[in-house]
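Thanks for coming. I will take this one piece by piece, and you can follow along on the screen.

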Amino acid sequence: MRVHEYQRAPAKPMAHALEVFEKQFTYPLGGSHSFRISHGEDYPRFFRAIGEASCFVAEQGGCVFGTLGAMVRSLLLPDGQEKKVAYFADLKVAPGMHRGRTLYRLMRSAGQWMDGRASAAFGVVMDGTRVTPERYTGRLGFPLFEALGQVVILRVPVNADESDPGNVAEVDYRTGETCYRQLSRRRYGVVGGNPRDRSRVTPAWFCSSDRLACGRLEDTYEAKRLIDSTEREMKSAHLSSFAFADVAAGVCLIRCVLARARQLGFPTVYVPISAPDVPHMMQALGKSEIVLAPATIYGSGIEAGWHWNINSAEI
């Protein structure tokens, strides 16, 4: 078995093998809902949109047995400083007799690539995933990952009568980024990357007039598609870089984004929220049909116990 490293689209035979491999895996999305992922022919594109990245693929005889994406990205710390950290995603290993060997070869390869690039690391795992990182990290030079915090991904339906509340406006990148950094103080927040590489619509920033909430509307159509259990694509937008200092302001921003998503033809919007904020946000939104998908952030070299602002478009 060999582990290949890709920064760009692999040749067609490998791209096809990866497509076949991905179809084996489904993920929970609240209650009885589930989905699978398709990264398309340019498998590493999703990871490149996040930061400096490599995609590792374990292969033997033309068949893929495992994948792991490794990225270097910027993380805002609770004190407002910014730090380069490792971000790991899309760990998938085929079941069978070679599962353990495949897993550790992927981890070793990713660990060697990351060596010297970052002193801290994290990843996001959807709750309900059978094997979590503390079971397989902490060996072969790979750091031990422990639970750091929890987030919940809200899948919010876009109703036909969605309307802009009027106190939220589209702003330029610099204004939106500045607002996000300010609102992410006293918590961890992801920054950087190039959303244009993954989004078919042009990513758009929004801020409330009082600067108490902000976010960026985008999609992942160009780099990652979600397919439901009936093989229908789950077309959805994402509210990335979402931060708020006041629940009411956060709700107004969500409603503005829902109205814009309706104009763009999106039936749903994914909204990631730190788990402790969810009860108040759900009550204020007043939408009983929202699907909740909890996730846990695991990592090493990062202090636990803080809230997190993450992007569902990057999980």
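Three strands form an open sheet in the order β2-β3-β13, with antiparallel pairing. β2 (27-28) and β13 (225-228) are at the edges with a single partner strand each, so one side of each has no neighbour in the sheet. Strands here are DSSP runs of E with at least two residues, helices are runs of H or I with at least four residues, and both are numbered from the N terminus. Two strands count as paired if DSSP finds at least two bridges between them. Strand β3, residues 34-38, pairs with β13 in the antiparallel sense over four bridges. Within that pairing, phenylalanine 35 stands opposite aspartate 228 of β13.

Before I go on, the ground rules. This is a predicted model, in which local features need pLDDT of at least 70 and side-chain atom pairs count only at pLDDT 80 or more, while totals for chains, interfaces and linings use all residues. Residues are numbered from 1 along each chain as its sequence is written, and side-chain values use heavy atoms, with hydrogens and water left out.

Next, strand β7. Is β7, residues 121-126, enclosed or open? Six of its six residues are buried, so the strand is largely enclosed by the rest of the structure. Buried means under 20% relative accessible area, exposed means over 50%, and partly exposed is in between, using a 1.4 Å probe and protein chains only. On one side of β7 the buried residues are Ala121, Gly123 and Val125, and on the other they are Phe122, Val124 and Met126. Strand β6, residues 82-93, pairs with β7 in the parallel sense over two bridges, and alanine 86 has alanine 121 of β7 as its bridge partner. Strand β16, residues 291-300, runs antiparallel to β7, and six bridges join the two. There, valine 125 stands opposite threonine 296 of β16.

Phe122 brings us to the cores. A nonpolar core is a set of buried Ala, Val, Leu, Ile, Met, Phe, Trp, Tyr and Cys residues joined through side-chain atoms within 4.5 Å. The largest has 53 residues, and the members that touch the most others in it are Leu75, Phe122 and Trp308. Leaving out residues up to four places away in sequence, the contacts of tryptophan 308 include Leu75, Phe122, Leu148, Val151, Tyr188 and Ile297. Contact means heavy atoms within 4.5 Å. A second, separate core has 30 residues, among them Val201, Leu217, Phe242 and Phe266.

Now helix α4, residues 173-183. Which of its residues are buried? They are Gly176, Glu177, Cys179, Tyr180 and Leu183. These cover an arc of only 165° around the axis, which puts them on the same side of α4; the arc is taken from the directions from the helix axis to the C-beta atoms. Arg174 and Gln182, on the other side of α4, are exposed. At the start of the helix, a side-chain oxygen of aspartate 172 comes to within 3.0 Å of the backbone nitrogen of arginine 174.

How many disulfides does the structure hold? Cysteine 207 is in none, and its nearest cysteine sulfur, in cysteine 179, is 3.9 Å away. Cysteine 207 is also buried, at 1% relative accessible area. For cysteine 252, the closest cysteine sulfur is in cysteine 256 at 9.3 Å, too far for a bond.

Glutamate 52 is in strand β4, residues 52-60. Glutamate 52 is partly exposed, with a relative accessible area of 42%. Not counting residues up to four places away in sequence, glutamate 52 touches Ala70, Met71, Val72, Trp113 and Arg117. The side chains of glutamate 52 and arginine 117 are joined by a polar contact of 3.0 Å. A polar contact is a pair of N or O atoms within 3.5 Å; within protein, one must be able to donate a hydrogen and the other to accept it, and residues adjacent in sequence count only if both atoms are side-chain atoms.

Last, backbone angles. Most residues other than glycine have a negative phi. Arginine 186 is not a glycine, yet its phi is positive, at about 70°. Arginine 186 lies in the loop between α4 and β10 (188-191), and is exposed at 60% relative accessible area. Arginine 211 also has a positive phi, near 60°. Arginine 211 is in the loop between β11 (204-208) and β12, and counts as partly exposed at 38% relative accessibility.

Key. A disulfide is a pair of cysteine sulfur atoms within 2.5 Å.
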